[in-house]
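Hi everyone, thanks for coming. Let me put the structure up on the screen, and then we can walk through a few parts of it together.

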Amino acid sequence: MEKPPLNSTTLARTKSDQLVETLAAAFKSPTQSDQAPGTSDSGGTLSRKSSRRLMMASPGRSSGGGKNTHIRKSRSAQMKLDMEELSSGAALSRASSASLGLSFSFTGFTVPPDEIADSKPFSDDDIPEDIEAGIRKPKFQTEPTLPIYLKFTDVTYKVIIKGMTTSEERDILYGISGAVNPGEVLALMGPSGSGKTTLLNLLGGRLNQSAVGGSITYNDQPYSKFLKSRIGFVTQDDVLFPHLTVKETLTYAALLRLPKTLTKQQKEKRAIDVIYELGLERCQDTMIGGSFVRGVSGGERKRVSIGNEIIINPSLLFLDEPTSGLDSTTALRTIQTLQDIAEAGKTVITTIHQPSSRLFHRFDKLILLGKGSLLYFGKASEAMVYFSSIGCSPLIAMNPAEFLLDLANGNLNDISVPSELEDKVQMGNSETETRNGKPPPAVVHEYLVEAYEAKLADEEKKNLMSPLPLDEELKLKVSSTKRQWGASWWQQYCILFCRGIKERRHDYFSWLRITQVLSTAIILGLLWWQSDSKTPKGRQDQAGLLFFIAVFWGFFPVFTAIFTFPQERAMLSKERAADMYRLSAYFLARTTSDLPLDLILPVLFLLVVYFMAGLRLSAAPFFLSMLIVFLCIVAAQGLGLAIGATLMDIKRATTLASVSVMTFMLAGGFFVMKVPVFISWIRYMSFNYHTYKLLLKVQYQDMIPPANGLKTDNGVKEVGALVAMIFGYRLLAYLSLRRMKL
């Protein structure tokens, strides 16, 4: 193709400029009262959402059969238009700006749909249906909810970093102000380490308020415990039980979190409704999955996390980077879900790292952070206009989110340099000049902070002072200090007990664990095959077997139980922060739901060993031996729970447990018969010692002379010691969990 002459190019550019002026004039039309020309035959006006969903406003899409036909027509017309413009040299800039989401929609004003159809190459309806989403419901249930207006003014936050000898105070946030109303989606943007997650946690009441400066109000009231039941908080990592199905996960959340006024059937129906609202019906009977368990996809897992929170119909919904790790289509579906939630009267705040241009246009408000400072707060659609007004404009077609993140990082590559900063570079100051002639990031950051303070900060703070359209009763309702539990203590215990059994039955009945126990039992049975208890030497051999049983069923449960609370810490913190249940109900359900599962493997073990080794063949000794082993397991499990809950670190807990179990084994009464007086107290703390003595008494109580110098009493002291350990260790574990910082 020959290069067009200069006058043709100039003419094409003039034509393009005229198109820009026409669209700019259309943008200036009022958004609420004036009717956009050509919107519909009925003369209706475009809503606030229409300005954000420009790509969905094309006419002629009412019938399902004509939808694909219209897409083909609009695309063919688009290609034809592009081919015509290509000859005049104007298509390149237009196509690149439109495809990158820069087609003049930053201001967010209404545009006639017929012009949109010609100015946008694709629409949201052209996005292929998310296969994993199934048939998606268009809108969320618009249930009545308490409207909450969130305001925060001059919020600061600092942390104390403790070293070996000194402690250092570090500022994380510097005077952040903003507000978000019901029906709006506020996006917190900024590079990594800018303070997005910290600000989100502060607004959601998830951080210690003593280190917070400034004010955060909910309907002009400070944070209270009542808000825990009105806030949904979706963490960046999907904290879910891997062995529960999607339906089970949401059903348990509904049973625990929905108000007591609803029946069990109504709560279960609400869980099913959420499954269909989020398009999860196709995978509702699939396990969530995890690192070593196959389950649902990443997008479905994220939707389950969102469903866990929206199931309570929250007034405030916080999300920490909900699109991280998702493909562009799934990310768009997720943000569309947030829009639907906001339209139902909820207040939505989300952090987002680097959204696509389509995602960026769906936010109502935007906070841009850089190094903990506020660089912009206002309408997302007006962000580009603001930065252009202070001299920062993209020199090439660019995703607005990329442009804003470059600014927040102090990177002015492909971005115009404001005249104030150019003056510093031209003055030849070696401290501010860089190799490519651009000012360094620190200078850019300082300029952006000062520009926001000078141009927008005062106006936004005045807006924060304006009164809320709420009566005093609604305002005061937020300040209630009374917690709202979704179920009684007994109901919480029953629900958590059932959930615990369903989640951990896979671990207890794994082939690895069953093989481990049965193979050990068979080896013991072969080594002590039909041993003789009538001679002193035979009894001594059997005593070794009984001691090994006491050690094995003391060692095994300790190293299973120490992982319990460290592994569930994230889940416990998340659910306790949302006031899903009382800690006492969780603790009792967690410890008792293990008991039925813990009893099955020891029964199989003893059935094999007891009869192969030829121990006393009568019912009473067999069942007493089983009861003693069960007491030993529960006591050892209590020690593991106490160590795990106290340290909350698997490495340190494993080290301490190893030392403790080894000490208890050595003091168990088999290796050393006569222990020095000053250290003899250790054996009374050893569950191995008490279990071993009880097993000997059951087997040889009627023997003369008694085995190993055994006293022929009824063993009440040993049973009492084991029972004391069972409750004492668990009490220590519970108190450790109470003092755990959420």
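Look at the hairpin that links E1 to E2 through four residues. Please keep in mind that this model is predicted. Strand E1 covers residues 150–162 and strand E2 covers residues 167–180; they run antiparallel, with ten bridges between them.

Which other strand does E1 join? That is strand E4, residues 212–218. E1 and E4 also run antiparallel, and six bridges join them. Here you can look for Lys 151, which stands opposite Thr 217 in E4. And a general point for your notes: in a regular strand, side chains alternate between the two faces of the sheet.

Let's follow the chain out of E4. In the loop between E4 and strand E5 (231–234) you will find Arg 230. Is Arg 230 buried or exposed? Its relative accessibility is 14%, so Arg 230 counts as buried, since the cut-off for that is under 20%. Leaving aside residues up to four places away in sequence, Arg 230 touches Thr 145, Leu 146 and Ile 148, and also Ile 312, Asn 313, Pro 314, Ser 315 and Leu 316.

One of those contacts, Asn 313, deserves a stop. Asn 313 sits in the loop between helix H9 (298–310) and strand E6 (316–320). Most residues other than glycine have a negative phi. Asn 313, however, has a positive phi, near 55°. Asn 313 is also buried, with a relative accessible area of 9%.

Met 648 is not a glycine, yet its phi is about 50°. Met 648 is buried too, at 13% relative accessible area, and its place is the loop between H24 and H25.

That brings us to the two helices themselves. H24 spans residues 619–647 and H25 spans residues 650–666; they pack at an angle of about 150°, with their axes 9 Å apart. Their crossing is right-handed. Which residues make the contact? From H24 we have Leu 639, Ile 643, Gly 644 and Leu 647. From H25 come Arg 652, Ala 653, Leu 656, Ala 657, Ser 660 and Phe 664. Sorted by class, that contact has seven nonpolar residues, two polar ones and one charged one.

Now for the aromatic rings. How many aromatic pairs does a search of the whole structure find? The count is 31. Take Phe 622 and Phe 623: their ring centres are 5.3 Å apart, with 75° between the planes, an edge-to-face pair. Now compare how these two sit. Phe 622 is buried, with a relative accessible area of 8%, whereas Phe 623 is exposed, at 53%.

Phe 670 and Phe 671 make a pair as well, with centres 5.6 Å apart. Why is this pair called edge-to-face? The planes lie at 80°, and the cut-off is over 60, so the pair counts as edge-to-face. Phe 670 is partly exposed, with a relative accessible area of 26%.

Last stop: Phe 548, Phe 552, Trp 553, Phe 556 and Phe 605 come together as one aromatic cluster.

Definitions and conventions:
Residues numbered from 1 in each chain as written. Predicted model: local features only at pLDDT ≥ 70, side-chain atom pairs only at ≥ 80, totals over all residues. Heavy atoms only, no water. Phe/Tyr/Trp six-rings, centres within 6.5 Å; stacked < 30°, edge-to-face > 60°. Buried < 20%, exposed > 50% of the residue type's maximum accessible area, 1.4 Å probe, protein only. Axes fitted to C-alpha atoms, helices over the stretch in contact; angles between N-to-C directions. Left-handed = near helix turned anticlockwise from the far one by under 90°. Contact = heavy atoms within 4.5 Å. Nonpolar A, V, L, I, M, F, W, Y, C, P; charged D, E, K, R; others polar. Pairing = 2+ DSSP bridges.
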